[in-house]
Amino acid sequence: MVGSSVGLEAAMASNGSLVNGKASDRMTAAGELAFDPTAVVPEPVPSVVESDGVDLEITREIVLGKNVHTTCFEVTEPDADDESTGDKDAYMASVLARYRKTLVERTKHHLGYPYNLDFDYGALGQLQHFSINNLGDPFIESNYGVHSRQFEVGVLDWFARLWEIEKDDYWGYITNCGTEGNLHGILVGREVFPDGVLYGSKESHYSVFKAARMYRMECVKVATLVTGEIDCADFKEQLLQNKNKPAIINVNIGTTVKGAVDDLDLVIKTLEECGFSHDRFYIHCDGALFGLMMPFVKKAPKVSFKKPIGSVSVSGHKFVGCPMPCGVQITRLKHINALSSNVEYLASRDATIMGSRNGHAPIFLWYTLNRKGYKGFQKEVQKCLRNAHYLKDRLRDAGISAMLNELSSTVVFERPRDEEFVRRWQLACERNMAHIVVMPNVTIEKLDYFLNELIQGRSIWYKDEKVRPPCLATDIGTCNCCCALHK
């Protein structure tokens, strides 16, 4: 039913040691070690929580403060005669070939994390021989000439049109990931309001609270509704307790676990009702995944700089489908002066989080935006939402607790009891919940493949009538729970 539980290192050890940098004599005719590419590496994983809060004994624990080296490929010094024999090159080629097989296999069972794996950037292979670095400000020419800022600014202009802000009114850059976008947006808010209080719902991405720790900001976690959206009644109470301090708010355009979209208009209305004028609050919109999907959903609320927001960030390796982590961060030009400083060494201005920035990422983004455009993204969004509804309906038909928010392609469902199954399908889990993020590469066939394994697995896990599926009423609502009490 599930893949082999033998780890990658165990599979290699059984067919020949690679620890000393050399392949053993037990090799196939093709010069590759025989190994199982479906093997699941037994890394530490979080435990399943039963309905009564008791951890299952069969699960493994995350161990903090202990590094795991059992699955590493050791770096070894070449032998004196390696240049003439070519043994080291052959060894490295075999390792990479086997690693590629693992990637192919693991990609087949990739469902729990929001990455679009449907892409082809073969045309950009010609650029991999260059070290492209976008140092400094994208809009200011520096002394460094091997850059891709002309692509970067083109991408930023595209997103500026999407989020309705004029070229002369915005500033932005291509980040290294979604977390950097959040770190930058919140940092701009902190620089605009040094004594401001950061507000974020408890279901915000962990990077929001990381930013609060890094910047030593006063931070308030706001309660959420069962859907995962920010609870504006609790938000109002928290604001009224801090009326004397400006507000810096993280608004989620798709929460990490449930894919919930915070009501931006209601957040703004709540701020105004509490007496916060537009010059006393800063809103950062974390649109890591759904920030690029929501503009193409019919009747979805708009994320727009025509509203009193300060910044928006989105990931480039999620819905867009870049092969490396990256993102887009856009803020108002008037705010960036509070953060920037001139750097003589670069002959440019520094207003980013990082110094050196990946110059390849803007080219990948530019290439995809040109190939797909607004219409292409719209078709992909519709496909994702359609397939997400299919998954949710089939789960419910099978008697499995499941929830799908209206504006989302993230299907939340009952956490599988078998942790090996969780690892095989790379499911993201929290408490009794797991989720699947339906991306453009997730087809109906792939979902059926998963569902058949899940249903078969449940027939084994819950064969004993004393063991029952967990209750998810608290997590996703009574109406979405199919436990013995609520079905």
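Predicted model: local features only at pLDDT ≥ 70, side-chain atom pairs only at ≥ 80, totals over all residues.
1. Residues are numbered from 1 along each chain as its sequence is written, and side-chain values use heavy atoms, without hydrogens or water. Local features need pLDDT of at least 70 and side-chain atom pairs 80 or more, while totals for chains, interfaces and linings use all residues.

2. There are 19 aromatic pairs (Phe, Tyr or six-membered Trp ring centres within 6.5 Å; planes under 30 degrees apart are stacked, over 60 edge-to-face, the rest tilted). Phe 119 and Tyr 121 form a tilted pair, at 5.4 Å between centres and 40° between planes. Phe 119 is partly exposed at 36% relative accessibility; Tyr 121 is buried at 10% (buried is under 20% relative accessible area, exposed over 50%, partly exposed in between; 1.4 Å probe, protein chains only).

3. Trp 158 and Phe 159 have ring centres 4.9 Å apart and planes at 75°, so they pair edge-to-face. Both are buried.

4. Lys 221 sits over the face of Phe 209, 4.5 Å from the ring centre (Lys NZ or Arg CZ within 6 Å of the centre and within 35 degrees of the ring normal).

5. Four strands make an open antiparallel sheet, ordered β10-β11-β13-β12 (strands are DSSP E runs of at least two residues, numbered from the N terminus; pairing needs at least two bridges). β10 (402-404) and β12 (428-430) are the edges; each has a single partner strand, so one side of each lacks a neighbour in the sheet.

6. β12 pairs with β13 (residues 433-437) over three bridges, antiparallel. Cys 429 has Ala 434 as its bridge partner in β13.
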